[in-house]
Amino acid sequence: MISFHHVSKTFYHDSTIEALDDVSFSMNKGDFYFILGPSGAGKTTLMRILYRDLKPTRGQVIIDGKNIGKMKEKEIPNLRRRVGVVFQDFKLLNDRSVFENVAISLLVQGEDKYEINRRVMRALDQVELTDKRDMNPRQLSGGEAQRVSMARALVKEPEILVADEPTGNLDPDLADNIMDQFDAINRRGTTLLVATHDYRTVQRYDFPCIVLKDGRLIEGPTRDPDHLRPFVGVYGEED
Amino acid sequence: MSTWRYLLRFAVRNLTVNRLMNVVAVGTTALALFIVAGVVLVHQNVARTLEGLLEQTPVILYLEDEADREEVSDLQSRLLARDDVTDVEYRSKEEAWEAFRRSLRLEGDLLEGLEGNPLPASLHVNLDPAALEHVENIAAEFQEWSGVESVDYGREIIEHLRGFSNVIQVALGGTGVIISIVAIFIIFNTIRLSVISCSTEIDILKLVGATRWFIGFPFVVSGIAYGFFGSILGQGLLWILYWLVQSRVAEVGFMQLQLFFLSPLWIFLIICLGSLLGVIGSATAVRRAIGRM
């Protein structure tokens with residue numbers, strides 16, 4: 001379903017930064033992969049390429065047989081309707097209600113208000129926030145705000161969900177709760193790619209892991225503890 | 001909530017942020033359209049005044065002194081046979097002299113020094129209103145006829161009025177174009193600031209799959225609102241000026257000056273022009289400020 005073939009991304013500013021360097025891996029429909037790596041490893045760049053916020057400098061990213069690097073600009077909105085995105089900083093609109101924040105994903109698709117109401121309530125139910133529908137994001141805890149962000153991604157029923165450090169701002173209990181929600185989403189058939197620098201989170205689940213460092217894929221995808229053990233010290237200690 | 005309601009709320013929200021810039025955008029558009037509407041108003045009033053003058057002023061064919069009664073009769077017949085002539089009146093040399101005396105309010109003694117009657121006989125021709133537009137060509141044609149010394153159709157008045165109208169139109173039109181460009185630029189900047197102030201929402205919209213059209217629509221609606229309200233305000237100011245002028249300058253010289261305000265069609269067209277300025281300014285700003293998807 002998703003294939004990265006020798007993907008590189010170079011940023012040219014005052015100096016040249018190789019954010020991704022010759023990264024290759026594949027995922028099948030319904031897979032759940034972690035991307036593990038420290039800050040600056042290239043996790044966010046990889047995610048942004050996946051929803052075409054960035055174009056790869058070299059290599060190909062194929063989703064369902066389509067090279068998204070060659071995609072025309074007018075095709076990008078359709079791709080983004082198939083790919084849900086969750087961020088560490090939630091990216092919620094604080095002057096709108098929880099309901100409105102989630103509904104925005106369907107408004108851009110021109111759904112009618114009955115369909116919007118039905119699907120938003122179902123998405124809020126999935127993240128256990130139906131009772132907070134009229135609240136403002138400022139009135140929510142960090143975990144609740146992240147679940148609103150997840151509901152906004154889920155409401156459009158994406159085939160792929162990418163989450164960039166979704167538990168980065170949360171304490172361990174809330175982080176576990178969010179990860180359990182992702183697990184549940186994956187069990188319903190959505191392909192998931194979660195970036196984290198938290199090895200503790202990776203350890204809790206039995207999902208394959210890709211390890212990035214300085215833009216290079218240095219391990220994986222693997223679940224083999226022998227392969228991941230060297231990184232416990234590297235990333236686990238950072239938390 | 002529906003998609004359209006969301007988009008309109010977004011547009012209204014744009015109009016409530018950056019209030020000072022909104023006022024400047026509407027004010028500049030109003031000034032530009034005040035001038036553009038003023039050009040149209042001057043043009044329309046001069047055209048109507050000219051038409052009125054031409055309707056009141058006959059084409060006068062001054063006849064050669066040698067023209068005999070039969071020749072004059074032929075000329076009258078030729079004139080009356082034309083579709084563009086409604087009426088022909090013959091005025092003899094004596095009648096012309098009497099009219100001249102009356103117009104100058106002179107007593108007979110003052111003109112006694114003149115030898116004979118220097119004034120020519122004439123034919124006063126009233127044209128069909130539809131033919132007034134071509135009065136210069138018609139007069140030139142009459143001038144070629146045998147027995148006609150010269151032709152007068154109030155050319156000086158028409159040329160003066162046309163010249164005045166042209167100067168006013170070129171000056172105001174040029175100013176109107178410059179201020180319209182300024183208005184587009186100010187709308188462009190106002191919308192650009194709105195786009196920047198909504199950058200978080202725009203980023204989210206892009207991420208959830210909004211098209212460029214969807215993101216840009218509320219800003220273009222805001223631009224149209226600037227143009228719409230600007231054109232209403234500009235034409236409102238012009239109407240106040242028109243009302244002041246009309247009430248104070250009711251009579252100019254020898255003729256009644258009847259002024260007219262813009263027709264409903266022109267008012268509508270200027271509102272459309274204002275909205276177009278808004279579309280141009282806002283669409284350019286959206287295109288540049290939203291950037292790539």
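In this predicted model, Asp128(B) touches Asp83(B), Asp84(B) and Thr86(B), residues up to four places away in sequence being left out; contact means heavy atoms within 4.5 Å. Asp128(B) sits in the loop between β3 (122-127) and α5 (135-143) of chain B. Helices (H or I, at least four residues) and strands (E, at least two) are DSSP runs, numbered from the N terminus. The relative accessible area of Asp128(B) is 27%, partly exposed. Buried means under 20%, exposed over 50% and partly exposed in between (1.4 Å probe, protein chains only). Arg82(B) lies 46 residues from Asp128(B) in sequence, with a C-alpha to C-alpha distance of 10.0 Å.

Residues are numbered from 1 along each chain as its sequence is written, and chains are lettered from A in the order in which they are written. Local features need pLDDT of at least 70, side-chain atom pairs count only at pLDDT 80 or more, totals for chains, interfaces and linings use all residues, and side-chain values use heavy atoms, without hydrogens or water.

Chain B has nine helices and six strands. Its radius of gyration is 30 Å, well over the 19 Å that the globule rule gives for 293 residues, so chain B is more spread out than a compact globule. The radius is taken over C-alpha atoms, and the rule is 2.2 Å times the number of residues to the power 0.38. A box of roughly 95 × 40 × 30 Å along the principal axes holds the C-alpha atoms of chain B. Of its 293 residues, 41% are buried.

Chain A has eight helices and ten strands. Its radius of gyration, 18 Å, is close to the 18 Å that the rule gives for 239 residues, so chain A is as compact as a globular protein of that length. The C-alpha box is roughly 45 × 40 × 35 Å along the principal axes. Buried residues make up 55% of the 239 in chain A.

The largest nonpolar core has 68 residues. Such a core is a set of buried Ala, Val, Leu, Ile, Met, Phe, Trp, Tyr and Cys residues joined through side-chain atoms within 4.5 Å. Phe34(A), Val120(A), Phe182(A) and Leu205(B) touch the most other members. Helix α3 (residues 98-107) of chain A gives the most to this core, seven residues. Beyond its neighbours within four places in sequence, Val120(A) contacts Phe99(A), Val102(A), Ala103(A), Leu106(A) and Val155(A). Another core, of 33 residues, lies apart and includes Val23(A), Tyr33(A), Leu79(A) and Ala195(A).
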